[in-house]
Amino acid sequence: MWAAWGVPVVVVGALALLFVSLIVYLWLPLRAVAIPIKGRHMVVTGGSSGIGLEIAKLAAAEGARVSLVARDERKLADAKNVVTEYCRQQVKGGGAPAQVNTYSADVKNFGSVNAAIEAAVSDSGVIGVLVLSHGISVVSRFEDQTVQDFDHVIDTNLKGNIHTIKAALPHIKASNGAPASISMFSSQAGQVGVYGYAAYSASKFALRGLAECLQQELIDRNIRLSLVYPPDTMTPGYVEDQKTMPELTAKLSGSSKAMDSMSVARATLAGLKAGNFHIYCNLEGFALSLLCSGMGPQPSLWKAMAEVLIMGVLRVVALFIQRDWYAVILQSKPKEAQAKKTH
Ligand SMILES: NC(=O)C1=CN([C@@H]2O[C@H](COP(=O)(O)OP(=O)(O)OC[C@H]3O[C@@H](n4cnc5c(N)ncnc54)[C@H](OP(=O)(O)O)[C@@H]3O)[C@@H](O)[C@H]2O)C=CC1
Ligand SMILES: CCCCCCCCCCCCCCCC(=O)[C@@H](N)CO
């Protein structure tokens with residue numbers, strides 16, 4: 001009896017051990033690291049609304065000095081009040097009050113965002129964490145978008161990140177010693193293309209290339225890059241998008257219901273504090289991130305193992321989903337054409 005089971009058990013055990021050792025060996029160069037936020041200066045672009053605002057609230061309540069950057073001064077002033085009030089409620093018994101400043105700037109314009117960063121650094125010191133949560137979307141078919149629409153999306157979502165990082169990097173490097181973080185907001189639409197998101201997806205996929213290169217260039221300075229991939233999230237921005245998005249976009253992306261912005265903010269903050277390269281927000285996001293792990297870095301040992309073991313199966317699931325999506329698209333097309341003919 002034992003002899004019959006003994007051999008397979010030993011073989012499987014040895015293979016498992018070999019597998020674990022191999023992954024540990026491959027994983028060694030980019031270990032996970034804890035990034036503290038208490039007592040540090042965090043700059044949040046897009047911090048006046050949606051997910052960025054929730055992150056600012058959480059970080060301020062944990063004792064970070066928070067600088068919010070966005071264009072609209074009134075939204076910024078309201079956001080400052082919201083953060084201050086949130087901290088008053090959270091930090092019971094007269095803890096330290098929120099330290100929050102606001103800076104009006106347009107990330108599309110390097111001079112504008114550079115001035116905001118310089119002012120924030122002079123008010124609150126070197127930057128420990130940079131959260132790039134600004135972003136816009138124009139959701140419609142490629143043929144219905146103008147070249148100016150594309151410029152607006154790419155200039156905000158891609159070049160806005162480049163401009164802000166260019167301005168902030170010298171001040172992040174100056175935080176010498178303690179690990180620092182640069183976290184960019186991609187999207188699930190930055191992992192898979194979805195009907196209607198051509199400009200948006202192009203800008204969000206691009207952030208991944210930026211982050212993978214920057215991580216290699218900044219690892220020796222102890223700066224960790226993170227990419228956040230939220231699903232649809234209930235924010236003022238998304239509510240606007242929903243009013244005009246093509247029916248097909250809503251159908252294809254509507255498999256799961258939208259998350260709330262506080263849950264996405266909590267996932268983001270936990271992920272960036274753990275120095276994760278990919279930050280996902282729910283189980284579906286975890287699956288999508290495993291599937292799309294590609295050739296990027298992976299500081300988490302157990303996630304590296306999960307990628308190796310589960311990616312193939314997820315690819316099968318993904319092919320089924322694509323099959324459904326294309327079926328829905330092709331079914332709806334003749335209807336659209338007929339509708340046009342009747343006019
Ligand atoms: N909500 C969602 O469904 C999802 C969102 N995301 C991404 O997450 C991030 C946050 O999204 P969400 O919370 O919905 O955003 P919101 O639309 O609610 O807020 C966007 C923020 O960015 C600021 N902003 C926009 N353009 C500029 C600019 N040119 N210069 C400076 N600031 C700017 C806005 O302020 P102001 O207008 O005053 O400048 C505002 O503070 C974005 O990058 C978005 O693409 C990813 C996946 C899903
Ligand atoms: C095997 C793995 C299965 C996983 C299935 C994943 C399905 C992905 C659907 C993508 C939806 C796109 C959301 C865009 C959100 C966004 O960025 C906008 N709301 C911004 O306005």
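Biologist: What makes the radius of gyration of the protein chain agree with a compact globule?

Modeller: For 343 residues such a globule would have a radius near 20 Å, and the protein chain has 22 Å, so the two agree. The radius is taken over C-alpha atoms, and the globule rule is 2.2 Å times the number of residues to the power 0.38. Mind you, this is a predicted model, where local features need pLDDT of at least 70 and side-chain atom pairs pLDDT 80 or more, while totals for chains, interfaces and linings use all residues. Residues are numbered from 1 along each chain as its sequence is written, with chains lettered from A and ligands numbered from 1 in the order written.

Biologist: Why are β3 and β9 said to stand at the edges?

Modeller: Seen across the open sheet, 7 strands follow the order β3-β2-β1-β4-β5-β6-β9, with parallel pairing. β3 (99–104) and β9 (278–280) each have a single partner strand, so one side of each is left without a neighbour in the sheet. From one strand to the next, the twist averages 20°.

Biologist: What makes β4 and β5 a pair?

Modeller: Pairing takes at least two bridges found by DSSP; β4 and β5 have 4, in the parallel sense, so by that rule they pair. V131 is the residue opposite S183 in β5. β2 (residues 65–70) and β3 pass as well, with 6 parallel bridges, and R65 faces Q99 in β3.

Biologist: Which helices lie on these strands?

Modeller: α3 (residues 73–90) lies across β2 and β3, at about 170° to β3. α5 packs on the sheet too, touching β1 (41–45), β4 (127–132), β5 (180–185) and β6 (223–229), at about 175° to β4. Those angles run from 0 to 180 degrees between N-to-C directions of axes fitted to C-alpha atoms, for helices over the stretch in contact.

Biologist: Why is N222 called partly exposed?

Modeller: Buried needs 20 or more other C-beta atoms within 10 Å of a residue's own, exposed means 12 or fewer, and partly exposed is in between, with C-beta atoms placed from the backbone. N222 has 16, so it is partly exposed. N222 sits in the loop between α6 (198–218) and β6, with a positive phi of about 65° despite not being a glycine.

Biologist: What makes β5 mostly covered?

Modeller: 6 of its 6 residues are buried. A180, I182 and M184 point one way, S181, S183 and F185 the other. Across the protein chain, buried residues make up 39% of the 343.

Biologist: Which residues come nearest to ligand 1?

Modeller: G46, G50, R71, G135 and G237, out of 30 around it. Being near takes a C-beta atom, placed from the backbone, within 6 Å.

Conventions:
Helices (H or I, at least four residues) and strands (E, at least two) are DSSP runs, numbered from the N terminus. Two residues are in contact if their C-beta atoms, placed from the backbone, lie within 7 Å.
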